[in-house]
Amino acid sequence: MAAAAARVGEAGPVGLVIVATGLLHRADVSPEKTVRALDPAAIATVFAINAIGPALVAKHFVPLLARRERCVFAALSARVGSIDDNRLGGWYTYRASKSALNQILRTLAIEVARSRPEAIVLGLHPGTVASGLSRLFRPDPTADGVFSPEESAKHLLRVLNGLGADDTGGVFAWDGSPDPRLNAVSARTDARDDAMRSFEVGIAPSADLQV
C-alpha cells in the first residue's frame, strides 16, 4: 500500500480519495442476530476490512493530499453504525465496525485540519445499494429505496461536490443531508476549531504535522 501511495504521489498532490470497501457477510461471516453468535475471528475480519482498512489507507494517502487546495478523503459508512439510531439490535460486529470507522474519520478530520485547512474528511452513507452486500436482505434491485451502484455513485459525487472545509468530520447521507444519527456531534461541525483546542489540552504535539 505504501509503495502504491508513493507512486500516486509522484504525479502531484491527490485531490480525492474514496474508500469503498466493506464487509457484512461472506461464507465464514454472518451478521449476528444474538450475542450468542459472536465469533472472535469473524469480529476481527469485519473490523479489519471496515475500520482498520480505511485507517491504513488514510495513513498512506493523507500525506499525499494537497496542502493549500480543496481535497477530500471519504469512506463509505452506514446508517446502522449510529448508536442513537439503533432500535432493532443485532448485527453486532457490522454496527460496531461502522461506528469505529466514524470515530476514526472524525479524529482524522481534526488532525488533518491542522496542516490542510481546505481538506474535507468525511463518511458517506450511500443508502441501500443493489450489491452483493445487500442482496440477502433486499433481494429485489428494483424495489423503492434501492439504488443501482451507478445511481449511488452519482449521488455521492454530487454530495462531495457540494461540501466545503466546514463540513469536515461529518457523515453525510446520499441525498446530501448531514445525518445527526451518524454524526458524533451536531451537523456541520467545525473540526478545525477542534484541532486548535486539542493543542490546548495537550492531545496534539504540534500544529506542523506531516500528515
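Is Trp 91 buried, partly exposed or exposed, and what is its relative accessibility? I looked this up first. Trp 91 comes out at 25% relative accessibility. I put it down as partly exposed, because buried means under 20% and exposed means over 50%.

**Entry: what I am looking at**

I note that this is a predicted model. I looked up the confidence next. The protein has an average pLDDT of 84. A score of at least 70 is reached by 76% of the residues. Which helix has the highest mean pLDDT among the elements, and which the lowest? Helix α2, residues 40–61, has the highest, at 98. Helix α5, residues 191–200, has the lowest, at 55.

**Entry: the overall layout**

I listed the elements. The protein has five helices and six strands. From the N terminus on, I read their order as α-β-α-β-α-β-β-β-α-β-α. The protein has 211 residues, and 41% of them are buried. I also checked how far contacts reach along the sequence. I took the contacts between residues at least 6 apart, and 72% of these join residues at least 24 apart.

I started at β1, residues 16–19. Which residues of β1 are on its covered face, and which on its uncovered one? Val 17 and Val 19 make up the covered face. Leu 16 and Ile 18 make up the uncovered face.

I moved on to strand β2, residues 71–76. It pairs with β1 in the parallel sense, over four bridges. I picked out one partner: Ile 18 is bridged to Ala 74 in β2. I traced the path between these strands too. β1, α2 and β2 make a right-handed β-α-β unit.

Strand β3 came next, at residues 119–125. How many of its seven residues are buried? I counted seven of seven, and the strand is mostly covered. I checked which way they point. Ala 119, Val 121, Gly 123 and His 125 point one way. Ile 120, Leu 122 and Leu 124 point the other way. All of them are buried.

I looked for the partners of β3. With β2 it pairs in the parallel sense over six bridges. Cys 71 stands opposite Ala 119 there. I found a right-handed β-α-β unit here as well, made by β2, α3 and β3. β3 also pairs with strand β6, residues 171–173. That pairing is parallel too, over three bridges. Leu 124 has Phe 172 in β6 as its bridge partner.

Is Thr 93 buried or exposed? Its relative accessible area is 4%, so I count it as buried. Which residues does Thr 93 touch, leaving out those up to four places away in sequence? I wrote down Glu 32, Leu 38, Ala 42, Ile 43, Val 46 and Phe 47.

**Entry: aromatic pairs**

I found two aromatic pairs in the structure. One of them is Trp 91 with Tyr 94. Their centres are 6.1 Å apart, and the angle between the planes is 85°. I call the pair edge-to-face, because planes over 60 degrees apart count that way. I went back to accessibility for both rings. Trp 91 is partly exposed at 25%. Tyr 94 is buried at 9%.

**Entry: the salt bridge**

How many salt bridges does the count come to? I got one. Arg 26 forms it with Asp 28. The closest N and O atoms are 2.6 Å apart. I checked Arg 26 for accessibility. Its relative accessible area is 41%, so I list Arg 26 as partly exposed.

**Entry: a loop residue**

Last, I looked up Glu 10. I found it in the loop between α1 (2–9) and β1. Its relative accessible area is 67%, so I mark Glu 10 as exposed.

Definitions and conventions: Residues are numbered from 1 along each chain as its sequence is written. This is a predicted model: local features need pLDDT of at least 70, side-chain atom pairs count only at pLDDT 80 or more; totals for chains, interfaces and linings use all residues. Side-chain values use heavy atoms; hydrogens and water are left out. Helices (H or I, at least four residues) and strands (E, at least two) are DSSP runs, numbered from the N terminus. Buried means under 20% relative accessible area, exposed over 50%, partly exposed in between (1.4 Å probe, protein chains only). Rings of Phe, Tyr and Trp (its six-membered ring) pair if their centres lie within 6.5 Å; planes under 30 degrees apart count as stacked, over 60 as edge-to-face and the rest as tilted. pLDDT is the predictor's confidence in each residue, from 0 to 100. A salt bridge is a side-chain nitrogen of Lys or Arg within 4 Å of a carboxyl oxygen of Asp or Glu. Two strands pair if DSSP finds at least two bridges between them. A crossover is right-handed if, with the strands pointing away from the viewer, the path from the first strand over the helix to the second runs clockwise. Contact means heavy atoms within 4.5 Å.
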